[in-house]
Amino acid sequence: MNNEMFYCEGCKSNVVTHVEIREETFDVRGADITINSRVRVCNHNHHDIYDEALDSKNIEMAFEKFRQENDYLNPQEIKETREKYGLSQRGFASLIGVGSASIARYERGSVPTNSHHTLLKNIRDNHDFVKDLYDDNGDKLRRLDKRRIEEKLDYEDEQDIIEETIQLYIKKTQ
């Protein structure tokens, strides 16, 4: 990572570089998020050098810190929420009324808008909310997504009934 050759705009040539750790603040969804960024620097004149890989990692770190500080779902949690109902990205997007490109971006690491974040958390945490969404938007789903979510919703309903029955039995036997 250190002593790699990169092109320096300031020096107008390929130069030996090193990586420095710097405190840097990013604007993530309107919030100032400060992280310790890794920045590539020219050894000759100490110019900052563009390094796509380092810049991408720094942005990912800022996004992750934002998620942690604001209790946002991470990309894996969003994907697991979608898969819990057996939906494709397109089907999930149709169910919740957003573009499929948004779902793809969120699953790759982009931070959802506040309204999408709230929607995604409700879907993850509230089975009845998903049933209501299905009642409202199920007609927008393709046949395979429709069949899969119906199976998942039926299974979840069965699990709820079993859980309620167990709880009633426990109360009666105490």
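Mentor: Start with strands S2 and S3 (residues 31-42), which pair in the antiparallel sense over 12 bridges. Keep in mind that this is a predicted model.

Trainee: Which residue in S3 stands opposite glutamate 20?
Mentor: Valine 39 of S3 stands opposite glutamate 20. Likewise, valine 19 has arginine 40 of S3 opposite.

Trainee: And which way do side chains point along a strand?
Mentor: In a regular strand they alternate between the two faces of the sheet.

Trainee: How does S1 run against S2?
Mentor: Strand S1 (residues 4-8) runs antiparallel to S2 (residues 13-28), and 5 bridges join the two. Glutamate 4 has threonine 17 in S2 as its bridge partner, and cysteine 8 has serine 13.

Trainee: What's in the turn there?
Mentor: S1 and S2 form a hairpin with 4 residues between them. Lysine 12, in the turn, has a positive phi of about 60°.

Trainee: Which residues of H5 are buried?
Mentor: In H5, the buried residues are His116, His117, Leu119, Leu120, Lys121 and Ile123.

Trainee: And what covers them?
Mentor: The cover over the buried residues of H5 includes helix H1 (52-70), helix H2 (75-84), helix H3 (89-96), helix H4 (100-108) and helix H6 (127-137).

Trainee: Which residue does lysine 121 form a salt bridge with?
Mentor: Its partner is aspartate 71, with the closest N and O atoms 2.5 Å apart. This pair links distant parts of the chain: lysine 121 is in helix H5, while aspartate 71 is in the loop between H1 and H2, 50 residues apart.

Trainee: How many salt bridges does the count come to?
Mentor: The count comes to 10 salt bridges. Another one of them joins the side chains of glutamate 69 and lysine 65, at 4.0 Å from N to O. Glutamate 69 and lysine 65 both lie in helix H1, 4 residues apart, which is about one turn of the helix.

Trainee: Why does a spacing like that work in general?
Mentor: An α-helix has 3.6 residues a turn, so residues three or four places apart point the same way.

Trainee: Back to lysine 65: buried or partly exposed?
Mentor: Lysine 65 is partly exposed, at a relative accessible area of 30%.

Trainee: Which side chain meets arginine 147 in a salt bridge?
Mentor: That of glutamate 151, at 3.2 Å from N to O. Arginine 147 and glutamate 151 both lie in helix H7 (residues 143-173), 4 residues apart. Arginine 147 is partly exposed at 44% relative accessibility, and glutamate 151 is partly exposed too, with a relative accessible area of 45%. Elsewhere, salt bridges that share partners join Glu20, Arg22 and Asp48 into one network.

Trainee: Last topic. At what angle do H3 and H4 pack?
Mentor: H3 and H4 pack at about 115°, with their axes 8 Å apart, and their crossing is right-handed. Residues making the contact include Phe92 and Ile96 of H3 and Ile103 and Ala104 of H4.

Key
Residues numbered from 1 in each chain as written. Predicted model: local features only at pLDDT ≥ 70, side-chain atom pairs only at ≥ 80, totals over all residues. Heavy atoms only, no water. Pairing = 2+ DSSP bridges. Buried < 20%, exposed > 50% of the residue type's maximum accessible area, 1.4 Å probe, protein only. Contact = heavy atoms within 4.5 Å. Axes fitted to C-alpha atoms, helices over the stretch in contact; angles between N-to-C directions. Left-handed = near helix turned anticlockwise from the far one by under 90°.
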